[in-house]
Amino acid sequence: MGGKQPYDVAIIGAGGAGQMAMLRAVLNHLRTLVFLGDKDTTRRSRAAWVLEVENIPGMFGKKRPISTTTREVVRFIEGREDLAPFLTTLKRSAVSIRKVDEQFEISTGEESYRARFVV
């Protein structure tokens, strides 16, 4: 098992929906684990090829809006000592998710993490 166990919420990806889920979970003081993806999945992700976003507030007029706002949200959280302890980010991809008792086990292929909820 990797990291402290279990997390309250595991979030797979940090696009627009993942960013909102990450921010809301941390603001609610839930121990939050975010899988940002590895080099391969990041290179193939929507964030790599979408150059303009018009349907998500805060992304208008930015270069690489998805990855830019992800970095901004993470910096915002990490810059607040009242919020930073609730966020763990991994530059790894989740390769499998399975239900184990009352939790989910998320595997990167090398390590496994547990969370009560997965987004």
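1. Let's start with Ile66, which lies in helix α4 (helices are DSSP runs of H or I with at least four residues, strands are runs of E with at least two, and both are numbered from the N terminus). Is Ile66 buried or exposed? At 5% relative accessibility, Ile66 counts as buried; the cut-offs are under 20% relative accessible area for buried, over 50% for exposed and partly exposed in between, using a 1.4 Å probe and protein chains only. Ile66 and Gly16 sit 50 residues apart in sequence, yet their C-alpha atoms are 6.7 Å apart in space.

2. A quick word on the model: it is predicted, with local features needing pLDDT of at least 70 and side-chain atom pairs counting only at pLDDT 80 or more, while totals for chains, interfaces and linings use all residues. Residues are numbered from 1 along each chain as its sequence is written, and side-chain values use heavy atoms, leaving out hydrogens and water.

3. Back to α4. Buried residues of α4 include Pro65, Ser67, Val73 and Ile77.

4. Now for its partner, α1. The two helices pack at an angle of about 10°, with their axes 10 Å apart (axes are lines fitted to C-alpha atoms, for helices over the stretch in contact, and angles run from 0 to 180 degrees between N-to-C directions). That makes α1 roughly parallel to α4, as angles under 35 degrees count as roughly parallel, over 145 as roughly antiparallel, 65 to 115 as roughly perpendicular and the rest as oblique.

5. Which residues of α1 meet α4? They are Gln19, Met22, Leu23 and Val26, and among the α4 residues they meet are Ile66, Val73 and Ile77 (contact means heavy atoms within 4.5 Å).

6. The largest nonpolar core has 13 residues, and Ile11, Met22, Val26, Val34, Ile77 and Leu87 touch the most other members. Such a core is a set of buried Ala, Val, Leu, Ile, Met, Phe, Trp, Tyr and Cys residues joined through side-chain atoms within 4.5 Å. Two or more residues each come from β1 (7–12), α1 (16–27) and α4 (65–78), with α1 giving the most, four.

7. Zooming out, the protein has four helices and six strands, and buried residues make up 39% of its 119 residues.
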